[in-house]
Amino acid sequence: HPTATMAPCRTYDVCVVGAGPHALAVVSALQNPFSTLSEQDSRHIRATGRGTTAAAKLPSVCVVDAQGEWLHEWKGRFQSLDISHLRSPATAHPDMVDELSLLAYAHRNGRQNELHDVSHRLETSRLKGLWEMGAGCFQVPGSELFADFCDELAASLPHTMVKGRVQDICPEIAAKTNRRRKGQKANNTTSFSKISVCHDGVTEVLRARYVVLALGAPGKPVVPSPFANIAQQQEQHQPTQHQPSQQQQHHHQ
């Protein structure tokens, strides 16, 4: 096997592994809400990370994804399954600042027709009296509308996208000596984690104070032991074609 090239190390406050809706929600929550600013100032600061003292306190964030794109796997699955709209209401989205931002995005871009009204399917009378019903909060967004909204949200949040697959995450141990007592052994403390990311044969080591795994449900499912044999039995079960008996064959002849 060829030796992988080692790239220079980069240091961040937070490293988010994954680039789906959950990861986007994490990045949104990490940024200051800017709720007291105007919409124009908020958009500018969230996009550039400059302009106010509040922006200076934003953590440095990197996002690691195999494709280097937001919602790449999510979009591919929805397209492959031909899913036209989400099941969750319009207030269930990754923007952790404003629950009505998806609705505002649809109206601002003239895409109200991509918000599907399901109020006629709600049989519970309690919901009909809520203000959220009249505001359209229980409308379900179309898949393309949701994806475009997430793309705009991601573009407004300061972060660095790193393309590659995480190979290893390990703590970075640093020796810290307690000077209060002479002869006391050094205490090993860690404040950073090292994240090894591989792409096209090049391994890059990132450093981060915090690592968030937003991977959904990757890999092999974890099945409780009482049900461990069920999945295997389902895989082994194959429908067999009915073979006619000799008497039936003779009858057809």
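**Pocket, packing and backbone**

Mentor: Please bear in mind that this is a predicted model. The residues that line its largest pocket divide into 16 nonpolar, eight polar and five charged.

Trainee: How many residues line the largest pocket, and which of them lie nearest its centre?

Mentor: The largest pocket has a volume of about 860 Å³. Its lining is made up of 29 residues, and those nearest the centre are Gly20, Glu73, Ala214, Leu215 and Gly216.

Trainee: Which element supplies the largest share of the lining of the largest pocket?

Mentor: At least two lining residues come from each of helix H1 (21-30), strand S2 (61-65), helix H4 (72-80) and strand S6 (165-176). The largest share is five residues, and the element that supplies them is H4.

Trainee: Is H5 roughly parallel or roughly perpendicular to H8?

Mentor: Helix H5 (residues 101-108) packs against helix H8 (residues 143-156) with their axes 10 Å apart and at an angle of about 105 degrees. Angles of 65 to 115 degrees count as roughly perpendicular. The arrangement of H5 relative to H8 is therefore roughly perpendicular.

Trainee: Which residue with a positive phi follows H5?

Mentor: The phi in question is near 65 degrees. The residue that follows H5 with this value is Gly110.

Trainee: Is Leu71 buried or exposed?

Mentor: Leu71 is found in the loop between S2 and H4. Its phi is positive, about 55 degrees, although Leu71 is not a glycine. Most residues other than glycine have a negative phi. A residue under 20% relative accessible area counts as buried. The relative accessible area of Leu71 is 1%, so Leu71 is buried.

Trainee: Is Asp200 buried or exposed?

Mentor: Asp200 lies in the loop between strand S7 (187-199) and strand S8 (202-213). Asp200, a residue other than glycine, has a positive phi near 55 degrees. Exposed means over 50% relative accessible area. With a relative accessible area of 67%, Asp200 is therefore exposed.

Terms used: Residues numbered from 1 in each chain as written. Predicted model: local features only at pLDDT ≥ 70, side-chain atom pairs only at ≥ 80, totals over all residues. Heavy atoms only, no water. 1 Å grid on protein atoms, 1.4 Å probe; cavity = no way out; pocket = protein on both sides within 12 Å on 5 of 7 lines; lining within 4 Å. Points joined across faces, edges and corners; volume = space filled by probe spheres on them. Helix = DSSP H or I, 4+ residues; strand = E, 2+ residues; numbered from the N terminus. Nonpolar A, V, L, I, M, F, W, Y, C, P; charged D, E, K, R; others polar. Axes fitted to C-alpha atoms, helices over the stretch in contact; angles between N-to-C directions. Parallel < 35°, antiparallel > 145°, perpendicular 65-115°, else oblique. Buried < 20%, exposed > 50% of the residue type's maximum accessible area, 1.4 Å probe, protein only.
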